[in-house]
Amino acid sequence: MPNMSLKKHEMPSQAPDVRNKNFEEVALGYSAETAMEEAQRCLNCKNKPCIGGCPVKIHIPDFIAKVAAGEFEQAYQIIQQTSSLPAVCGRVCPQETQCESKCVRGIKGEPVAIGRLERFVADWHNANSCDLPVKAAPNGHKVAVVGSGPAGLTCAGDLAKRGYDVTVFEALHLAGGVLVYGIPEFRLPKKIVRKEIENLSALGVKVETNMVIGRVLSIDELMGEYGFEAVFIGSGAGLPRFMNIPGEN
Amino acid sequence: MYKIVKKRELNPTVTLMEIEAPFVARKAEPGQFIILRVDEEGERIPLTVADFDREKGTVTIIFQIVGGTTQRLNHLQEGESIADFVGPLGEPSHTDGLKKVAVIGGGVGCAIAYPVAKKLHQQGAAVHSVVGFRNKDLVILEEEFKNVSDLCKIMTDDGSYGTKGLVTDALKALIEEGNSYDEVIAIGPVVMMKFVSLLTKQYNIKTVVSMNPIMIDGTGMCGCCRLTVAGKTKFACVDGPDFDGHEVDYDEILKRASTYKEFEQREREEACNLFKKEVK
């Protein structure tokens with residue numbers, strides 16, 4: 001019998017008077033009990049509209065069913081089939097306009113807290129599982145990814161899972177792009193991003209920092225002397241815009 | 001990690017380092033810069049490429065010890081490494097077609113002016129260099145400048161070496177003597193570049209200056225290095241660092257450059273005593 005509560009389980013978070021004195025993450029994440037209870041709000045409906053709202057088509061009802069059953073590692077494996085960055089997406093994806101906006105439970109009451117459950121599963125995996133992801137058999141093809149932000153990392157993860165030899169080139173000294181310099185610590189802790197990148201490294205993805213592609217190496221050089229057969233450019237939309245207020249310079 | 005293969009003290013507050021960075025050395029051109037971090041916790045600082053050796057795969061930087069980061073960098077010895085070294089960034093200096101050029105260097109800015117003078121000399125241009133320092137002890141790269149110049153004038157503020165006076169005095173004299181230059185290239189403190197530009201404007205000589213405002217990523221993203229050139233906002237990191245000296249709003253840059261003065265001062269005081277060097 002599903003849990004028919006009209007409201008999502010509250011996200012435990014730091015009290016205002018505490019969080020205004022530190023830079024740590026505000027939302028603390030569900031406990032295993034809360035996650036299992038929230039997971040039971042999913043009706044496992046036939047049409048699965050939530051999947052249609054997800055850009056990477058995570059098998060949402062399937063992973064939620066595993067959470068409800070307390071099989072958290074299996075839940076992670078389901079998410080991981082289609083998403084390379086679950087701990088990041090569980091925190092910063094706009095679920096309210098994506099998967100959760102389509103949830104039938106949202107017609108009357110609040111939708112299932114899909115994002116919070118995704119976050120719980122990813123955090124549980126990172127805290128409890130020491131199994132390294134299984135490296136795919138190499139297929140002998142080399143791909144270069146320019147930019148180590150969310151687009152580049154996702155692309156690198158998906159290719160590595162299919163056996164490609166992937167190298168990510170990052171212009172700054174640290175991988176992560178907007179995930180590290182754009183999203184603040186209290187919203188997305190840097191160590192979560194680092195962990196996700198470690199997971200990609202375990203899949204065989206190589207990261208080269210301090211490489212401004214276009215300056216240090218050109219696409220022609222990557223595809224010529226360095227033997228990359230394809231290049232994915234995920235350089236981001238980094239150009240700032242100014243408001244043209246007198247004195248702003 | 002990027003290894004320091006050579007370290008030389010040019011004067012008590014200016015150090016030269018040759019760094020192993022084959023990717024940077026392959027593409028570097030005079031006028032471009034690099035960004036480095038001393039260690040994993042360090043800040044990113046931009047420094048202009050002073051020289052490069054494509055075969056050895058090394059890049060030479062010259063820096064003045066002014067704040068916490070340059071103190072820490074100066075504390076490293078040959079054989080040790082720095083965490084990050086990225087480049088070449090920015091646009092190379094345009095030297096094509098120049099036949100007779102006055103290269104003006106001020107203080108540690110001479111480190112940036114030298115590779116440009118060298119390139120001009122190599123392409124057969126007549127180079128008149130005027131380099132200025134506060135006093136005799138701070139003179140750097142004298143031999144190097146003499147080797148690539150048809151005429152080299154050394155100026156000091158107090159007259160303890162070369163001729164007493166400012167670089168603008170020497171430049172003015174050269175112009176008055178009838179030298180006509182295709183271009184004047186001025187690299188040094190902002191105030192110096194401002195007054196060189198004001199002088200050359202009177203004679204209507206094209207002037208190029210090299211700007212080095214505060215920078216973070218160096219790829220056109222953060223916007224910290226912005227300045228106003230001909231009434232438009234430009235980024236020193238991707239549009240420069242070279243700009244038309246007659247169009248730059250120097251007073252705005254001077255104001256912006258003072259933003260972190262207090263912070264730098266504190267940083268310098270807080271740094272370990274071992275790093276401390278008096279900046280004259």
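**Entry 1: H4 and H8 of chain A**

I started with H4(A) and helix H8 (residues 114–128) of chain A, which pack at an angle of about 60° with axes 11 Å apart. I took axes as lines fitted to C-alpha atoms, for helices over the stretch in contact, with angles from 0 to 180 degrees between N-to-C directions. Helices (H or I, at least four residues) and strands (E, at least two) are DSSP runs numbered from the N terminus. The angle makes H4(A) oblique to H8(A); under 35 degrees counts as roughly parallel, over 145 as roughly antiparallel, 65 to 115 as roughly perpendicular, and the rest as oblique.

I noted the crossing of H4(A) and H8(A) as left-handed, meaning that the near helix is turned anticlockwise from the far one by less than a right angle (clockwise would be right-handed). On H4(A) the contact (heavy atoms within 4.5 Å) uses A:Ile60, A:Phe63, A:Ile64 and A:Val67, and on H8(A) it uses A:Ile114, A:Leu117, A:Glu118 and A:Val121. By class I get 7 nonpolar, no polar and 1 charged residues. Here Ala, Val, Leu, Ile, Met, Phe, Trp, Tyr, Cys and Pro count as nonpolar, Asp, Glu, Lys and Arg as charged, and the others, Gly among them, as polar.

A reminder on sources: this is a predicted model, where local features need pLDDT of at least 70 and side-chain atom pairs count only at pLDDT 80 or more, while totals for chains, interfaces and linings use all residues. Residues are numbered from 1 along each chain as its sequence is written, chains are lettered from A and ligands numbered from 1 in the order written, and side-chain values use heavy atoms, leaving out hydrogens and water.

**Entry 2: H2 and H4 of chain A**

Next I looked at helix H2 (residues 32–39) and helix H4 (residues 60–68) of chain A, whose axes come within 8 Å and cross at roughly 130°. That makes H2(A) oblique to H4(A), and their crossing is left-handed. I found A:Ala35, A:Met36 and A:Ala39 of H2(A) touching A:Ile64, A:Val67 and A:Ala68 of H4(A). That contact divides into 6 nonpolar, no polar and no charged residues.

**Entry 3: chain B against chain A**

I see 28 residues of chain B in contact with 20 residues of chain A. The two chains bury about 2,000 Å² between them, 50% of it on carbon and sulfur atoms; buried area is the accessible area (1.4 Å probe) lost on putting two parts together, summed over both. I get 4 salt bridges across this interface, each a side-chain nitrogen of Lys or Arg within 4 Å of a carboxyl oxygen of Asp or Glu. One that I looked up joins B:Arg26 to A:Glu221, with the closest N and O atoms 2.6 Å apart.

Most residues other than glycine have a negative phi, and most peptide bonds are trans. I found B:Gly87 and B:Pro88 joined by a cis peptide bond, omega about -5°, with B:Pro88 in strand E7 (residues 84–89) of chain B. A:Lys57 has a positive phi of about 55° and sits in the loop between helix H3 (49–52) and H4 of chain A.
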